[in-house]
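Visitor: Please show me the structure, and then I will ask about its parts.

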Amino acid sequence: MTVFAIILLILLGLLLLLIEFAVIPGVTIAGIGGFLLLGASVYIAFSEYGTGPGFLTLTVVLIAAPAMIYYFFKSKSGKKMILESNIIGKVETINTEKIKVGDVGKSIGRLAPSGKVKVNGEVVEAQSTGSFVDHNREIKVLKILTNKIIVEPVKKE
């Protein structure tokens with residue numbers, strides 16, 4: 001086995017790993033074949049040329065494979081494959097100046113057990129204490145959380 005064959009095995013192994021990451025992601029024949037070819041090149045270098053060239057081949061493989069993958073995903077075509085999105089949404093918070101514990105309002109829809117209510121002109125997300133609250137029923141605010149309020153239906157006497 002010549003040095004050319006070892007270099008060829010390393011290049012083919014790296015090519016198969018690149019195909020694995022770029023074209024057919026997942027654990028496929030290309031990825032397994034790439035790892036086997038890289039492992040074979042290291043094994044042949046150890047068995048044919050001894051420990052010095054064997055460790056040199058192992059070092060080249062351990063540096064070249066991650067570097068190739070890193071630079072591929074930093075390249076222009078690699079960046080097209082990466083999802084880069086920023087979340088611009090926000091959590092709707094309760095205006096504690098307008099809604100206080102003990103305030104009375106009406107359910108806009110059915111609370112089963114959560115839904116929308118209108119309290120002091122503000123429409124907010126609410127959750128009942130466990131029971132279902134029908135549409136257009138009076139409710140009382142029990143607790144105010146960051147993004148919703150806890151309510152119970154007002155008992156009519």
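Guide: A crossing is left-handed if the near helix is turned anticlockwise from the far one by less than a right angle, and right-handed if clockwise. Helices (H or I, at least four residues) and strands (E, at least two) are DSSP runs, numbered from the N terminus. This is a predicted model, in which local features need pLDDT of at least 70, side-chain atom pairs count only at pLDDT 80 or more, and totals for chains, interfaces and linings use all residues. Residues are numbered from 1 along each chain as its sequence is written, and side-chain values use heavy atoms, with hydrogens and water left out.

Visitor: In which hand does helix 1 pass helix 3?

Guide: Helix 1 covers residues 3-22 and helix 3 covers residues 51-74. The crossing of helix 1 with helix 3 is right-handed.

Visitor: Are helix 1 and helix 3 roughly parallel or roughly antiparallel?

Guide: Axes are lines fitted to C-alpha atoms, for helices over the stretch in contact, and angles run from 0 to 180 degrees between N-to-C directions. Helix 1 and helix 3 pack at about 30 degrees, with axes 10 Å apart. Angles under 35 degrees count as roughly parallel, over 145 as roughly antiparallel, 65 to 115 as roughly perpendicular and the rest as oblique. Therefore helix 1 and helix 3 are roughly parallel.

Visitor: Which residue in strand 2 stands opposite S107?

Guide: Two strands pair if DSSP finds at least two bridges between them. Strand 1 pairs with strand 2 (residues 114-119) in the antiparallel sense over three bridges. In strand 2, the residue opposite S107 is V117.
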